[in-house]
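Visitor: I would like to go through this assembly chain by chain. Could we begin with how the chains meet?

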Amino acid sequence: MKTRPAAAATALALLVGGAAGCGANDNGGAGSKPRLTVSAATSLKRAFTAYGGDFRSAQARFSFAGSDELAAQIRQGVRPDVFAAANTKLPDQLHREGLVGRPVVFAGNRLVLAVPAHGARVRSLADLAPHGIKLAVGAPGVPVGSYTREVLGRLPAGESKAILANVRSNEPDVAGVVGKLGQGAADAGFVYVTDVVATRGRVRSIELPKALQPDVRYGAAVVRGAKQPTQARAFVRGLRGGQGQKALLRAGFEPAPK
Amino acid sequence: MSRGAAFTALLTAALAVVLTFLALPLVAIFLDVGPGRLVASLDDQGSVEALVLSLRVTLVALAVIVALGTPTAWLLATRSFRGRTLAITLVELPLVVPPAVAGIGLLAALGPRGLLGPALDRAGVELVFQTAGVVVALVFVASPFYIRQALAAFTALDPTVIEASRTLGAGDARTFARVGLPGARAGLVAGGALAWGRALGEFGATLVFAGSLGGVTQTAPLAIYGRFADDFTGALALSAVLVAVSGAILLAVKPAGGGRVLGDARA
Amino acid sequence: MLALDARARLGDFDLDAALAVPGGECLALVGPSGAGKSTLLRVAAGLLRPQYGVVRCGDQLWLDTAGGVDLPPDRRRVGFLFQDYALFGHLSAWRNVAYGLAGSGRAERRRRAHELLERFDLLDRADARPATLSGGERQRVALARALARDPAVLLLDEPLSALDASTRSRASRELLELIGTARVPTVVVTHDFEQAALLADRIAVLASGAIVQTGTASELAARPRSAFVADLTGAVVLLGTAGRDGDLTRVDLEGGGSVASTDEATGPVAATVHPWEVTLEREAARHEDSARNRLGVEVTSVTTVGNRVRVGLLGPQPMAAELTGAAAAGLALAPGVRAVAVFKATATRLVNR
């Protein structure tokens, strides 16, 4: 009987210790790779996951979400090692606020009009205007959403207004738009061409006229106070010209500008 | 320290840890930004719109849940039939399904390409991107909370009292209405409060199934999430209101629920 | 007339019993707990469906498992009194009573309920909730409620058992009167033979799912068909082995000693005698009389019941004697006192075991 409380206390201690150990910063002993934390825009998921598999100097762990949400987390004190966004505006802002190092542009992308692969009611931008079309776009604060509004802003006022009136959902990141398209819930949506590629045929893309195409540039920066600054810089370098760039190109991104 | 005192100390420590852990994020919400700024941030169209929508959809969802869930719970509690255990498990299933998965499931069932998609389309019923879709998502995730409580409350009724009602000439319907419902009232109210609280906080299934559009489908939790990125104070304010409303609901229900201490006399 | 015939599985054994109760008669079902008494009552009421059963009330067929007839309880006109009364806690006394009154308007139901409560002397408690009523008051409300619908049969499950001793005697008298005026077949379930003897015209003894004997209280007491029934009716039961001894039967008792009986039996038997036929003598007084049974005993208890005294005894086996108060006093009986229990061979009944 006397051993029971002792055993329970030991179990409890192990549990708490284990949990605490999980959160601890383990740079590991000699021989185990350091861990690199990367906050990246949702549209980078496929490319970055592939890059992470090839990245030698650290074990990369990713947190994918809308770029604006990731930026807000960094403002609130979350400290990943690398921040990679779907625009340059957010990294520049954070740099001005002293939260990240100088951002570099590492890739481009194209915004496209996406429709379900089968039975699509929409075949061009003009088809978006009639009443009753169900359009899914990103929320205004997330890069894909602001690019979308940029495109629509370049259309004649009447058409732009009609299209915006058909917006049925402001998704917090591009995955939500793609998801709705895949399920046939939305008639059309604005996503990156790389996202369409990733759906492997469930979603079709309709190219936008070059005149309307926004300048989609992805920026990345090393976060100040990062635990693994050296590896972080190596990761970013690899994005511009290295395994990262290769993975990005394979996924359909445009190359980093010279 | 005697054994008894040591055990009491352990219990007290556990309670302190739990209370702190649960209360800290909520307290932080209220403390991080002063009340003045909180109120000011609330005074904007989007926030009010989100709150009003939240109240509307959760109340409608609650009405549906109670209307359908109460007879369901009565049947499960008072009749034995083949497949009863399976039925109870199915009713409780949404409890263990992650909300996003629930949303995906709803899309697969009720979306335009879903199992019932064509039928709904023929009937002229649109759910995705509509407020009605939000209600559907809420009913799905919150009904187990109500039905479980209702089932427990009906099961706890003294069976001889039910039998007495039957011997006095009351059929099942009258027995349900005049003996079952009044007897189980405390449990039913508690279940309704839990379901309402769950519905108020629902996020994942709503987002995936119904989308997020101000005034139509953007409930308070979705609005908080959308606000989080560029208006943290606004997000805090809305969060504070949501926490306050949920807390008020729980407190209001407390007297009806009980709170009898086991082995009462000795504190 | 209530006629019932049922077979059901009851845990360790099968219930297989049939009974018939004419209008105006009260039958008591007596037996130990778990014997199946309440089960029979519930079958009659429609609260339990047996594997096989037929229940007829007058010319109405309430249950016929073979023929697919099973009227739900609300379609049978039964007045059921539950062991713990099963009152509706959220309703006042008069609303409880009015619960069964359907059809008539609210005012009429109220009037009838109050009328019934007055008959049970509860009018001043009409608006009280069951939780505030005493045990006896709750029992009367439950009875009034059961009677409200003018039932065709009355089924009472341990109607007096939950009452304390002082309330019980008054309640017994009231219940007896009620059963008399109701004039419908009544079945009372009780584990107490004396209660049964008081309330019922006939008693059916139920043991392990079967009715072992039916008859009036005196018939059962005078001619028990088994040791079990004898024990139930309060007789002294002595176990032993019988053999002929001249023109008497001698029973060698387990534990020592022997008794003689004018009954004929051989082999393992139970010798039974009524306590009031046992006299006690102090050890000093000795009579030689082969026709009288004499057993040395020690007094274990002395209980006064009205003007009689019941004396618990321990001989070769436990026994009891009933004396007048005066006789007991004269013998200066007290626990520990040694005495001799004496009873006639002609008063000793034998039943095969």
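This is a predicted model: local features need pLDDT of at least 70, side-chain atom pairs count only at pLDDT 80 or more; totals for chains, interfaces and linings use all residues.

Visitor: Which residue counts go with the contact between chain B and chain A?

Guide: On the chain B side there are 21 residues, in contact with 24 residues of chain A. The two chains bury about 1,900 Å² between them, and 58% of that area is on carbon and sulfur atoms.

Visitor: How many salt bridges cross the interface of chain B and chain A?

Guide: The rule finds 2 salt bridges there. One of them joins the side chains of A:Arg168 and B:Glu126, with an N to O distance of 3.8 Å.

Visitor: Which helices of chain B each supply at least two residues of the side that touches chain A?

Guide: They are α5 (99-110), α10 (204-210) and α11 (220-228) of chain B. The largest share comes from α10(B), with 4 residues. By class, the side of chain B that touches chain A holds 14 nonpolar, 3 polar and 4 charged residues.

Visitor: And what lies between chain A and chain C?

Guide: No contact joins chain A and chain C; their closest C-alpha atoms lie 38 Å apart.

Visitor: Back to chain B. How many helices and strands are there?

Guide: Chain B has 12 helices and 0 strands. Its C-alpha trace spans about 70 × 65 × 30 Å along the principal axes. Of the 267 residues in chain B, 40% are buried.

Visitor: What about sequence separation in the contacts of chain B?

Guide: Among the contacts in chain B with a separation of 6 or more, 75% are between residues 24 or more positions apart. The accessible surface of chain B is about 13,900 Å², and 70% of it belongs to carbon and sulfur atoms.

Visitor: Let us pick a single residue. Where is B:Thr217?

Guide: B:Thr217 sits in the loop between α10 and α11 of chain B.

Visitor: Is B:Thr217 buried or exposed, and why?

Guide: B:Thr217 counts as buried because its relative accessible area is 0%, and the cut-off for buried is under 20%.

Visitor: Which backbone atoms does the side chain of B:Thr217 approach?

Guide: There are two to mention. The side chain of B:Thr217 reaches the backbone oxygen of B:Gly211 at 3.2 Å. A polar atom of that side chain also lies 2.8 Å from the backbone nitrogen of B:Leu213.

Visitor: Which residues does B:Thr217 touch, not counting those up to four places away in sequence?

Guide: Among them are B:Leu53, B:Phe129, B:Gln130, B:Val134, B:Thr206 and B:Leu222. B:Gly211, whose backbone oxygen was mentioned above, is also included.

Visitor: Finally, chain C. What is its secondary structure?

Guide: Chain C has 9 helices and 21 strands. Its C-alpha trace spans about 80 × 50 × 30 Å along the principal axes.

Visitor: How much of chain C is buried?

Guide: Of its 353 residues, 50% count as buried. The accessible surface of chain C is about 15,800 Å², with 49% belonging to carbon and sulfur atoms. Among contacts in chain C between residues at least 6 apart in sequence, 64% join residues at least 24 apart.

Note on methods:
Residues are numbered from 1 along each chain as its sequence is written. Chains are lettered from A and ligands numbered from 1 in the order in which they are written. Side-chain values use heavy atoms; hydrogens and water are left out. Contact means heavy atoms within 4.5 Å. Buried area is the accessible area (1.4 Å probe) that two parts lose on being put together, summed over both. A salt bridge is a side-chain nitrogen of Lys or Arg within 4 Å of a carboxyl oxygen of Asp or Glu. Ala, Val, Leu, Ile, Met, Phe, Trp, Tyr, Cys and Pro count as nonpolar, Asp, Glu, Lys and Arg as charged, and the others, Gly among them, as polar. Buried means under 20% relative accessible area, exposed over 50%, partly exposed in between (1.4 Å probe, protein chains only). Accessible areas come from the Shrake-Rupley method with a 1.4 Å probe; for residues, only the protein chains shown count as cover. A polar contact is a pair of N or O atoms within 3.5 Å; within protein, one must be able to donate a hydrogen and the other to accept it, and residues adjacent in sequence count only if both atoms are side-chain atoms.
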